[in-house]
Amino acid sequence: MSMLYDEGQQAIATESRRVLDARMDKGRLLALLEQVGGIDQPFWDTAVEQGWTALALPEEHGGLGLGLTELGLVAQAAGAATSGAPFLTVGYGAAQALLAAGHTGDLAALAGGEKLATVAFAEGSAPLPAKSVVSFADGKLNGTKPAVIGGLKADLAVVLASTNGTPVLVAADLTDVTRTAVPSFDNSRLYADLVFNGTPAVQLAEGAAALGLARDVLARMAVVTAHEQVGGAEALLNIARDYALTRKAFGQPIGAFQSIKHRIAELYGLIEVARANCIHAAASEGTEEFLIAAADARLSATEAYDTASRDCVQIHGGIGVTWDQGLHLHMRRARSLGIEQGNLLFWEDLLVDQLAGEAA
Amino acid sequence: MSELETYRQTARAFLNAMAPKYARPARQGNTVEQDLALGREYMAARYDAGFAGINWSPEFGGQGLSNLHKIAFDAEEMRYGMPVGFFGISLGMPVPMMIHYGQDREFVKERVTKALRGEEIWCQLFSEPSGGSDLAALRTKVEPDGNGWRMNGQKVWTSWAQYADYGVIVTRSDPTVAKHKGLTYFWVDMKAAGVEVRPIKLAGGDSHVNEVFFDDVRLEDNQRMGEVGGGFGLALHTLMIERYIATDSAGFGPHLDLFVKLAKETQLNGRPAIEDGRIRSAIARNHAMRAGLDSITQRAMLMMQAGMQPGPEGSLQKLVAVRSRQKLSELALDLQGTAALPFDQHAYVKEDWGTSWLNAPTGRIAGGSDEVLLNTIAEKVLGLPQDYRPDKGIPFNQIPA
């Protein structure tokens, strides 16, 4: 696929940003930070209404038949708006796992937004545990997946578990699962410990195939997230630039001081490198290059968003650390997105394994 | 296969045929003079094979092809380490400027052909002791002298001036107006009476840059390029002209693969360094950064192919790549410990961490320092204010020294 956006893709980018600009509300997002279990319903309604849930699913399953590039552009707009509801990414990831395993029964409901799905892979510092603490035997799951993204509201989950020490990937209905909310610094991500207690589940893959599929799904979600991170970082760059142009000190706009303008120019560099990596990764979907491209996108996007949130607050001075000004929405989101879909340490290791020819 | 890809393959076939005689291994142990002689031979062969002046008009001995063809050829050629360094600036800026502004068109045509064939070399005389990044602060002056001009002053950091036949130069023709308004642009015969070139030995041991002194050097008025007082505009044109150059996300230092190889071969705490987290982190971060630069380049190429203007993100290449080359080279030396101490100042910078490290600062300063590039991005791309400039609008001769 080309690394230049075509007209349709550009329209998706413009339209998603326009819709979110019109409908997102900082006050609403700030309020969500102080409650556990709240989702930004207007965002999710918009996502369903705009067909974003269906975007990257095949047409025969109620989707729009588009791919990572298009979903990435929507994620970028969502990132710029720090808009809530994690299901844009994890719903896509779960659907990709179900699709790859040929378990397509729920896909139409996911595309239409009637059901919410998530992905439960990570266990603490292991984004992709080869020996999960959650066991799968006789069609049933037992054990706890900690801090699952969207875990408080998801209807089903794709779970990385293990059978006698062998990795398995299963799909589980979450109706009867015990969910323990995890109060966090970014509450609208709906983190919850999922406690499986004889929960019925369907096996999607096992052994190396299970880990391989989980890794592919994680890489896809990482690319979506990287776009979201670029969107957030770019929004912060613009906020910092605008502030530096209007705020005056010592008789001139602070943007005239090199300590400020160089900081902002450096951000531009980080963001453009990350953006180019995102575009390349999305365009490499389904090719041999994809995993390395995804790692590049993920590493550079995490660095860009973290740095942008750090520097943008710094450029604002005191006003930047106030609750109402809301820069902390980005700061929190930069870190929650940085942890979700594999942290920097994980992607560094994965990338080097690939480059050094030590891949599993 | 696309037409461009076919062209690339033709170029590769030519380069493969040339490699045994001219590529990096064949140059091993050459003195600079031997290398220059070899370079001139290669340039003539390249001209005869139709790979010279690729994106220039056929009227001036060019091939009349697109910028993309030129970039494609340059990128291929860069892999071979051909002896083309002496001619890079010559053909990059001064000669194209002569094509644009040279008054005597027959003279220009003759010069262009000789420059393309490597028979003549042009230098670019811009920086001075009083003005590098601040080009318009230059002091080399011209005064009317009969129907021509008389020039006095000094330039510095002039690449390959010691081998140059001609140069293009920015001079001050009127010190009574604001600094960038009193400049005039000329070409100068580097062999003329009153021109003295003194090589400057750089930290890495080589001397490709020079001081150039002008003592009552006579310039005819037909050596003037552009209008009297229009020199600053031409200087900007000169710096813009070479936008379509091959980039190198390795910052013209060693490829990351070489670092990975080194990390696999080097033992650290009793195990291969490639297993050490610090080394792994450096590899991964560098890979992500370089891959991003490569994707920026690929997108720029695609945009040009589609007849679009590439985005301003291309201006990041040198800034980001050379800095990272400098740090990675330091790390490569550090990783080897005392094994990094043996040093060969003639080792190839794209294959050797020692020379890459020692020469990296030049890359961060020449062709726009990091700081100037950051200012340019901040001001031109992001719309941030210009720095405070106390000399703005003041006649040059009234600016406090």
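Start in chain B, at the boundary between domain 1 and domain 2: five residue pairs are in polar contact there, both partners at pLDDT 80 or more. The cut-off matters because this is a predicted model. The rule finds zero.

**Domain 1 against domain 2, chain B**

Colour chain B by domain. Domain 1 covers 3-119, domain 2 covers 123-241 and domain 3 covers 256-367. The C-alpha centres of domains 1 and 2 lie 25 Å apart. Each of these two domains of chain B brings 19 residues to the contact.

Switch to a surface view. About 1,700 Å² is buried between domain 1 and domain 2 of chain B, with 69% of that from carbon and sulfur atoms. Select B:Met97, B:Tyr101 and B:Gln103. Together they supply 32% of what domain 1 buries against domain 2, more than any other three residues.

Next, show the helices on the domain 1 side. In chain B, α3 (32-48), α5 (85-92), α6 (94-101) and α7 (105-116) each supply at least two residues. Which of them gives the most? Pick α6(B), with six residues. By type, this side of domain 1 holds eleven nonpolar, four polar and four charged residues.

**Chain B as a whole**

Zoom out. Chain B has 13 helices and ten strands. Its C-alpha trace spans about 75 × 50 × 45 Å along the principal axes.

**Chain A against chain B**

Bring chain A into view. In this contact, 39 residues of chain A touch 39 residues of chain B. The two chains bury about 3,300 Å² between them, 64% of it on carbon and sulfur atoms. Select A:Leu4, A:Lys261 and A:Tyr268. This trio supplies 18% of the area chain A buries against chain B, more than any other three residues.

How many salt bridges link chain A and chain B? The count is six. Centre on A:Glu348 and B:Arg285, whose side chains meet in a salt bridge at 2.7 Å, N to O.

Finish on the chain A side. Here α7 (208-246), β9 (252-253), α8 (258-283), α9 (290-316) and α11 (344-355) of chain A each supply at least two residues. Highlight α8(A): its 14 residues are the largest share. Coloured by type, the chain A side shows 20 nonpolar, nine polar and ten charged residues.

Notes: Residues numbered from 1 in each chain as written. Chains lettered and ligands numbered in written order. Predicted model: local features only at pLDDT ≥ 70, side-chain atom pairs only at ≥ 80, totals over all residues. Heavy atoms only, no water. Domains from an automatic or database assignment. Contact = heavy atoms within 4.5 Å. Buried area = accessible area lost by both parts, 1.4 Å probe. Salt bridge = Lys/Arg side-chain N within 4 Å of Asp/Glu carboxyl O. Polar contact = N/O pair within 3.5 Å; in protein donor to acceptor, adjacent residues only side chain to side chain. Helix = DSSP H or I, 4+ residues; strand = E, 2+ residues; numbered from the N terminus. Nonpolar A, V, L, I, M, F, W, Y, C, P; charged D, E, K, R; others polar.
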